[in-house]
Amino acid sequence: MKPIYSKAQLDYLKAKTKFENKASILEKKIETTRKTREVTQEVMEGLVMETGFHDAYNELVISENELIEWSHSTIKHEKTYRENKQPIEQMYENLNTSPEMRAQIIQLAMKIR
């Protein structure tokens, strides 16, 4: 049976897929460019914009933020949250100071049904 996702989860999955596709395209473009010239910062910036990687990254960050916000409000209705309110709230408070914590919260948010 196929899992049922919320809008925030679906938007995140869509943005993540788009980001991964643009990253792959960017990598190929970099390899092709390397064969003919040096990849300087200026060249790299041009490739990032040309491939749409920059926009895909921004969309991913926005969808992550929406997913995190959705999960924070949704989880408050769960029994587990009420039993572990302090540590869970601390996780959400530290999500912007630790990339690992942010990734962990996103993984957990994708498991909410």
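How many positive and how many negative side chains does the chain have, and how far apart do the centres of the two sets lie? The chain carries 18 positive and 18 negative side chains, and the centres of these two sets are 7 Å apart. The structure discussed here is a predicted model.

**Overall architecture**

The chain contains 6 helices and 0 strands, and its pattern along the sequence reads α-α-α-α-α-α. The C-alpha trace spans about 60 × 35 × 15 Å along the principal axes of the chain. Of the contacts with a separation of 6 or more, 65% are between residues 24 or more positions apart.

The table collects values for the chain as a whole.

| Property of the chain | Value |
|---|---|
| Span of the C-alpha trace | about 60 × 35 × 15 Å |
| Buried share of the 113 residues | 35% |
| Accessible surface | about 8,200 Å² |
| Carbon and sulfur share of that surface | 53% |

Helix 2 comprises residues 41–51, and its buried residues are V43, L47, V48 and T51. These residues lie on the same side of helix 2, because they cover an arc of only 140° around the axis. The face turned away from this buried side carries the exposed residues Q41, E42 and M49.

What covers the buried residues of helix 2? The cover includes helix 1, which runs over residues 7–36, and helix 3, which runs over residues 53–75. Just after helix 2, G52 adopts a positive phi of about 85°.

**A103 in helix 6**

A103 is located in helix 6, which spans residues 99–109. Is this residue buried, partly exposed or exposed? A103 has a relative accessibility of 36% and therefore counts as partly exposed; the category lies between the limits of 20% for buried and 50% for exposed. In sequence, A103 and M91 are 12 residues apart, and in space they are 11 Å apart from C-alpha to C-alpha.

Notes
Residues numbered from 1 in each chain as written. Predicted model: local features only at pLDDT ≥ 70, side-chain atom pairs only at ≥ 80, totals over all residues. Heavy atoms only, no water. Helix = DSSP H or I, 4+ residues; strand = E, 2+ residues; numbered from the N terminus. Buried < 20%, exposed > 50% of the residue type's maximum accessible area, 1.4 Å probe, protein only. Contact = heavy atoms within 4.5 Å. Areas by Shrake-Rupley, 256 points an atom, 1.4 Å probe, with all protein chains shown as cover. Lys, Arg positive; Asp, Glu negative; His and termini not counted. Charge placed at Lys NZ, Arg CZ, Asp CG, Glu CD. Arc of directions from axis to C-beta.
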